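Subject: Structure for your review

Dear colleague,

Please find below the structure that I am handing over to you.

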Amino acid sequence: RSQAETRISEYIPIRHARMAADPFAFFRGGAAIMAQDLANQASTNILVQLCGDMHVSNFGLFGTAEHRLVFGINDFDETLPGSWEWDMKRLVASAVIACETLGGSPALSKKLVYRISSEYRKRMAGYAQMPYLDLAQQFTGEKDIRKHFNSVHQKKLDAYLKETKGQNNIQILEKLTKLVGKNRKIINKPPLIEHFDKSIHGRSMAHLVDKALLNYSFTLLADRQALFQRYTLQDYARKVVGVGSVGTTCMVLYFVGDGQKDPLFLQYKEAQESVLTPYLGKSIYPNMGHRVVAGQRLLQGAPDIFLNSGSIKEGADVTQHFYLRQLRDMKGGIVVGPNGVSLKNFPDYCRLFGWALALGHARSGDAAMISGYCGETREFDEAMYSFAKSYAKQNQADYEIFCNAVKSGKIQVEKKKILK
């Protein structure tokens, strides 16, 4: 409820409907709930840059500035410095919850957690021995991904890699826009994608978008600023994304460079305070968009060339922080369920999850300290499974309370079939 107070009211029922879909969807939308639970547990106090909303659907493939395909963490809206095990606990809990939601057995749930935790331990031990400069240049590339996949699952992996490589601005142009007169416009699909003239505070959106882009362009490095300024804004529309982000201001911005065959699509995301803030303290960055961008650079190491932040004033007392990034340029998220992660290939993905998280934590924290804590035996893996199993039960109980509140009418949900 506290999050809903700072969000666009008409989108809150969509967020609730998405969370009500199943226990895993509820978990994805409940980062604030788990943050409170983790704050009441013992801590190692070994600090890293936390993702803050670590779960098995928060990974994917993306293109580096050199258009090299790498695997890593995807979303950083809740990032803050904190004790490394917060990310690990949320990740292993999500694996068990996702497995149970898909109908997997307890034995498979245990296998998934062990794959994540053992890979994390192994990689962290290696990073502890690595020179800092070498560590900064480490990425999980396409060849590395293939090595982690069972030969039986290679065909599905090939399809996923091919689809991701095909994600580019021309493809988005054909999918998200249509010709209106002589110009292309973003296609309305209300309420998930729609044009709007006024902000929630009644200000002209055309004016606010112009101000936002001007502010953003000044934060770019000189070479990227010169590139960005060669593109002209053609259209923009509000777009509902994800589960946890629903209700914040998110937009698709459509630009044109050297003609219609040179499109650029950027995603505008409002950045609010992290759900970890009440327990870990405020960010050192006054601008929450800067917090997200800084965290992403630390954890991911190879974000896209247009990633940067800004802010706009909507009134005397209202300032919106935001960040911009490319919408889909060689980006492919992990989907748990149909056409994505299945019970059969889940164990292959879990090794990659553990590896990606270890790399992010090693970039920003003391790999030797974390490795020493994790040890070389199965004791750490057993502890992580014990926690994940217990938290899955807690999540199920919370989910049932949430669903009962929906049934009683205390929580409003969107009932139309427009949720995807």
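How much accessible surface does the protein chain have, and what share of it belongs to carbon and sulfur atoms? The accessible surface comes to about 19,400 Å², and carbon and sulfur atoms account for 52% of it. Please keep in mind while reading that this is a predicted model.

**The chain as a whole**

The protein chain contains 16 helices and 14 strands. Its radius of gyration is 21 Å, close to the 22 Å that the globule rule gives for 420 residues, so the chain is as compact as a globular protein of that length. The C-alpha trace spans about 65 × 55 × 45 Å along its principal axes. Of the 420 residues, 55% are buried. Among contacts with a separation of 6 or more, 75% are between residues 24 or more positions apart.

**The sheet**

Six strands make up an open sheet, and their order is β8-β9-β10-β11-β13-β12, with antiparallel pairing. The edges are taken by β8 (193-194) and β12 (308-313); each has a single partner strand, so one side of each is left without a neighbour in the sheet. As background, the strands of a sheet pair through backbone hydrogen bonds, in either a parallel or an antiparallel way.

Seven of its eight residues are buried, so β10 is largely enclosed by the rest of the structure. On one side, β10 pairs with strand β9 (residues 232-239) in the antiparallel sense over six bridges. Here threonine 232 is opposite valine 256 of β10. Strand β10 also pairs with strand β11 (residues 259-270), again in the antiparallel sense, over eight bridges. In this pairing methionine 251 faces tyrosine 268 of β11. The two strands β10 and β11 form a hairpin, with one residue between them.

At the β12 end of the order, six bridges join β12 to strand β13 (residues 319-326), and these two strands run antiparallel. One of the facing pairs is serine 311 and histidine 321, the latter in β13.

**Proline 263, in strand β11**

Proline 263 lies in strand β11. Is this residue buried or exposed? Proline 263 has a relative accessible area of 5% and is therefore buried, as the cut-off for a buried residue is under 20%. Leaving aside neighbours within four places in sequence, proline 263 is in contact with Asn169, Ile170, Leu173, Tyr231, Tyr254 and Phe255. By contrast, the C-alpha atoms of proline 263 and glutamine 394 are separated by 47 Å, and these residues are 131 residues apart along the chain.

**Helices**

Helix α4 (residues 85-101) has 17 residues, which should span 24 Å at 1.5 Å a residue; its end C-alpha atoms are 24 Å apart, in agreement with that value. Since 15 of these 17 residues are buried, α4 is largely enclosed by the rest of the structure. Just after α4, glycine 103 takes a positive phi of about 90°.

Helix α13 (residues 288-300) has 13 residues and reaches 18 Å from its first C-alpha to its last, close to the expected 18 Å. Ten of its 13 residues are buried, so α13 too is largely enclosed by the rest of the structure. Among the buried residues of α13 are Met288, Arg291, Val292, Val293 and Leu299.

Helix α14 (residues 346-364) contains alanine 362, which is buried, with a relative accessible area of 4%. Not counting residues up to four places away in sequence, alanine 362 touches Met124, Tyr127, Leu135 and Ala367. Alanine 362 and valine 48 are 314 residues apart in sequence, yet their C-alpha atoms are 7.8 Å apart in space.

**Cysteines**

A disulfide is a covalent bond between the sulfur atoms of two cysteines. How many disulfides are counted in this model? The count comes to zero, with a cut-off of 2.5 Å between the two sulfur atoms. Cysteine 99 is in no disulfide, and the nearest cysteine sulfur, that of cysteine 350, is 8.7 Å away. Cysteine 99 is buried, at 0% relative accessibility. Cysteine 374 is likewise in no disulfide; the nearest cysteine sulfur, again that of cysteine 350, is 17 Å away. Cysteine 374 is buried as well, with a relative accessible area of 5%.

With kind regards

Definitions and conventions. Residues are numbered from 1 along each chain as its sequence is written. This is a predicted model: local features need pLDDT of at least 70, side-chain atom pairs count only at pLDDT 80 or more; totals for chains, interfaces and linings use all residues. Side-chain values use heavy atoms; hydrogens and water are left out. Buried means under 20% relative accessible area, exposed over 50%, partly exposed in between (1.4 Å probe, protein chains only). Helices (H or I, at least four residues) and strands (E, at least two) are DSSP runs, numbered from the N terminus. Two strands pair if DSSP finds at least two bridges between them. The radius of gyration is taken over C-alpha atoms; the globule rule is 2.2 Å times the number of residues to the power 0.38. Contact means heavy atoms within 4.5 Å. Accessible areas come from the Shrake-Rupley method with a 1.4 Å probe; for residues, only the protein chains shown count as cover. The expected span of a helix is 1.5 Å times one less than its number of residues.
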